[in-house]
Amino acid sequence: MSAETRSGLIEILGRKRLAFREWRGHRPFWGGLLTLLAGVPIMYIPYANLTIGSLTVRMATTAGAGSLIIGVLLVVLGLTMWFQPASRVFAGVAAILLSLVSLVVSNFGAFLIGFLLGLIGGALGVSWAPGKPEQSADEPGDPDRIVGPVVATNPAPAAGGPALGNGLGNLSGTSPTNGENGRHRAG
């Protein structure tokens, strides 16, 4: 392998890594991964056989089908967080609820492994927010990339100047447009 092919391979791998990093930044990646991983022990453990010497111990419960359904749903919810980030709140809440149900149905949530992974993954999915565009120093009009969560810290002012349109500037209860308080006059 020559130095040229090695540098080309490193460049290709670097581009792929940056593309994956960009993809991962636009979705709740870790919440989806933990939710997906939560489904695996919940699906597997109720059907597993543990063999110690000639003694076979079966972990099966009477709700083995329920464990399989919960595990499959957790895997699907983890993939939903990855490929449909707009529905992350629904997927996160559903993952938390399914993890709680797995405590009863699937051997204490697959011995608390799947339960804890599902709770943490669902919470990460619910709490994730898309980033806001970062402005470059040389061009204030075009965003370069998206960083951090979007948090509304300052609401936009109402059109027409401060304290107009929302009635918050005047605490008397009267409307700034016509001076009335919204109640009808009798007579």
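Which residues are buried in α4? In this helix, R88, A91, G92, A94, A95, L98, S99 and S102 are buried, where buried denotes under 20% relative accessible area, exposed over 50% and partly exposed the range in between (1.4 Å probe, protein chains only). They cover an arc of only 165° around the axis, which puts them on the same side of α4; the arc is that of the directions from the helix axis to the C-beta atoms. F90, L97 and V104, on the other side of α4, are exposed.

The model is predicted, with local features requiring pLDDT of at least 70, side-chain atom pairs counting only at pLDDT 80 or more, and totals for chains, interfaces and linings using all residues. Residues are numbered from 1 along each chain as its sequence is written, and side-chain values use heavy atoms, with hydrogens and water left out. Helices (H or I, at least four residues) are DSSP runs numbered from the N terminus.

The 18 residues of α4 should span 26 Å at 1.5 Å a residue, which agrees with the 25 Å between its end C-alpha atoms; the expected span is 1.5 Å times one less than the number of residues. N107, which follows α4, has a positive phi near 50°. The buried residues of α4 pack against α2 (29–44), α3, α5 (107–111) and α6, contact being defined as heavy atoms within 4.5 Å. S102 of α4 counts as buried because its relative accessibility is 0%. Not counting residues up to four places away in sequence, S102 touches I42, I70, F108, G109 and F115.

Helix α4 (residues 88–105) packs with helix α6 (residues 113–127) at an angle of about 160°, and their axes are 7 Å apart. That makes the two helices, α4 and α6, roughly antiparallel, a term applied to angles over 145 degrees. Axes are lines fitted to C-alpha atoms, for helices over the stretch in contact, and angles run from 0 to 180 degrees between N-to-C directions. The contact involves residues of α4 including R88, V89, G92 and V93, and residues of α6 including G114, F115, G118 and L119.

Helix α3 (residues 64–83) has 20 residues, which should span 28 Å at 1.5 Å a residue, in agreement with the 29 Å between its end C-alpha atoms. Its buried residues are G64, S67, I70, G71, L74, L77, G78, M81 and W82. They cover an arc of only 150° around the axis, which puts them on the same side of α3. On the other side of α3, A65, I69 and F83 are exposed.

Terms used. Parallel < 35°, antiparallel > 145°, perpendicular 65-115°, else oblique.
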